[in-house]
Amino acid sequence: METSQKHHAATRQTFPVAPQVWGLKTLFVNLFYVANPDGSWVLVDAGVNGYAQQIRDAADEIFGENSRPKAIVLTHGHFDHVGTVRELAEMWQVPVYAHPMEFPYLTGQSNYPPPDSSVGGGAMAYMSFIYPKKPIDIHQFLEVLPPDGSVPGLEGWHWVYTPGHSPGHVSFFREEDRVLIVGDAFTTRDAESAIAVMTDKREVHGPPNYYTPDWGSAHQSVEALLNLSPKIAASGHGMPMKGDELLQQLEDLVKNFWVKAVPKYGRYVHEPAVTDERGIVSLPPAVNNTVPKVLAVAGAVALAGLCWMAIRKRNETHRQHGQQRQYQSYRKERPYSHNRVMTGMPPTIDPDHDNPEAHTNNYP
């Protein structure tokens, strides 16, 4: 009990999700710290680029100075969920786990199916054409999630295959208290709206429209998550939701998915992208984007505003954190001393994926 109580000391950077689970918002996407009763922990996703220091600082606040996770586990490999993964994996020297269907996009073999900026109707969707499109290559750290559904480094959790938003998307579920980390299988705010990003109004939505290339699979995935009857759901976009409000809205999303979640038109609405373990196999033809250029510019302006707000908040957090550390330097006892750096898990290379030049499928 002592460990759990210490873990619940709130930080100025993170937000609470559930016992032994905390979230951190990086610009417009969340990542999560998940702990075991003994103080060891795992990082779920790695946010957008440029937030490595803030991620490390938050870990130090929760688990103690120089703490590192047992592993990094990924819901999927889109740019806003892996922005700092290489830097953190190199610094911590820990493995990164993902579903094998995500490997082409994490080993430099293939781009994801291209985003469709014609869908969604919001600034975040309109400016999706400027988001990073190239795959990353972290093959030296990459490991396959265990086929038995267990989550490396975490007790009592299992992963659930939830494709649709990406080919190898997974979610994470703790049976004991029915806590669910869904990545982008569904969201808890309108992911297309820049205003919703700033206000974080809590409501269940489908996966981000502009980056979902297989709506049939996405529907089946949301239904599978509803069948778990989660009590708390934490998504990559939006604040956590819980209780009857969560279940009622999630049930409504499943029942009315093709009206509420799926756009009326778009590249992947009537035909999904086809992928395999090596990347893209085929794509439906691109649609004409009728969105006026002025809306794309407005989206870019909105993103600039979000960046300014995030930088201002981060600077203030670092200032406060520096003052806190100065105060703590006078204390003789190290906080959270029960946490120790985990050792004995060197990164390995999957022999099936150690040559990113063996196959490329990098669609523009």
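**Note on the predicted model**

1. The protein's secondary structure comes to ten helices and 14 strands. The model is predicted. Of the 364 residues in the protein, buried residues make up 56%. Among contacts in the protein with a separation of 6 or more, 69% are between residues 24 or more positions apart.

2. The next points concern packed helices. Two packed helices are described by the angle between their axes and the distance between the axes. Helix α2 (residues 52-63) packs with helix α3 (residues 85-92) at an angle of about 50°, and their axes are 10 Å apart. That angle makes α2 oblique to α3. The crossing of these two helices, α2 and α3, is right-handed.

3. Which residues make the contact between α2 and α3? On the α2 side they are Ala52, Ile55 and Arg56, and on the α3 side Glu87, Leu88, Met91 and Trp92. By type, the residues of this contact of α2 with α3 divide into five nonpolar, no polar and two charged.

4. Helix α7 (residues 215-226) and helix α8 (residues 243-255) are packed with their axes 9 Å apart, at an angle of about 150°. Angles over 145 degrees count as roughly antiparallel, and α7 and α8 are therefore roughly antiparallel to each other. The crossing of α7 and α8 is left-handed.

5. The contact of α7 with α8 involves His219, Val222, Glu223 and Leu226 of α7. From α8 come Leu247, Leu250, Glu251, Leu253 and Val254. The residues of the contact of α7 with α8 divide into six nonpolar, one polar and two charged.

6. Aromatic rings are the next topic. The structure holds eleven aromatic pairs. A pair of aromatic rings is described by the distance of the centres and the angle of the planes. One of the pairs is formed by Trp22 and Phe63, with 5.7 Å centre to centre and 85° between the planes, and this pair is edge-to-face. Trp22 lies in strand β2 (residues 21-26) and Phe63 in helix α2; the two are 41 residues apart, and the pair links distant parts of the chain.

7. Are Trp22 and Phe63 buried or exposed? Residues under 20% relative accessible area count as buried. Trp22 has 4% relative accessibility and so counts as buried. Phe63, at 0% relative accessibility, counts as buried too.

8. Phe63 also pairs with Trp41. The centres of the rings of Trp41 and Phe63 are 4.5 Å apart and their planes are at 5°, so the pair is stacked. Because Trp41 lies in strand β4 (residues 41-44) and Phe63 in helix α2, this pair ties together parts that are 22 residues apart in sequence. Trp41 has 0% relative accessibility and therefore counts as buried. Ring pairs link a cluster made of Trp22, Tyr33, Trp41, Phe63 and Trp92. Trp92 of α3 has a place in the contact with α2 as well.

9. Asn30 is in strand β3 (residues 29-35). Its relative accessibility is 2%, so Asn30 counts as buried. What does Asn30 touch, not counting residues up to four places away in sequence? The residues are Phe15, Leu24, Lys25, Ser235, Gly236, His237 and Gly238. Asn30 and Gly238 are 208 residues apart along the chain, and their C-alpha atoms are separated by 7.7 Å.

10. Arg178 is not a glycine, although it has a positive phi of about 60°. Arg178 is found in the loop between β9 (170-174) and β10 (179-183). With 22% relative accessibility, Arg178 counts as partly exposed.

11. Ser229 is a residue other than glycine with a positive phi, here near 50°. The loop that holds Ser229 lies between α7 and β11 (232-235). Ser229 has 37% relative accessibility and so counts as partly exposed.

Key. Residues are numbered from 1 along each chain as its sequence is written. This is a predicted model: local features need pLDDT of at least 70, side-chain atom pairs count only at pLDDT 80 or more; totals for chains, interfaces and linings use all residues. Side-chain values use heavy atoms; hydrogens and water are left out. Axes are lines fitted to C-alpha atoms, for helices over the stretch in contact, and angles run from 0 to 180 degrees between N-to-C directions. Helices (H or I, at least four residues) and strands (E, at least two) are DSSP runs, numbered from the N terminus. Angles under 35 degrees count as roughly parallel, over 145 as roughly antiparallel, 65 to 115 as roughly perpendicular and the rest as oblique. A crossing is left-handed if the near helix is turned anticlockwise from the far one by less than a right angle, and right-handed if clockwise. Contact means heavy atoms within 4.5 Å. Ala, Val, Leu, Ile, Met, Phe, Trp, Tyr, Cys and Pro count as nonpolar, Asp, Glu, Lys and Arg as charged, and the others, Gly among them, as polar. Rings of Phe, Tyr and Trp (its six-membered ring) pair if their centres lie within 6.5 Å; planes under 30 degrees apart count as stacked, over 60 as edge-to-face and the rest as tilted. Buried means under 20% relative accessible area, exposed over 50%, partly exposed in between (1.4 Å probe, protein chains only).
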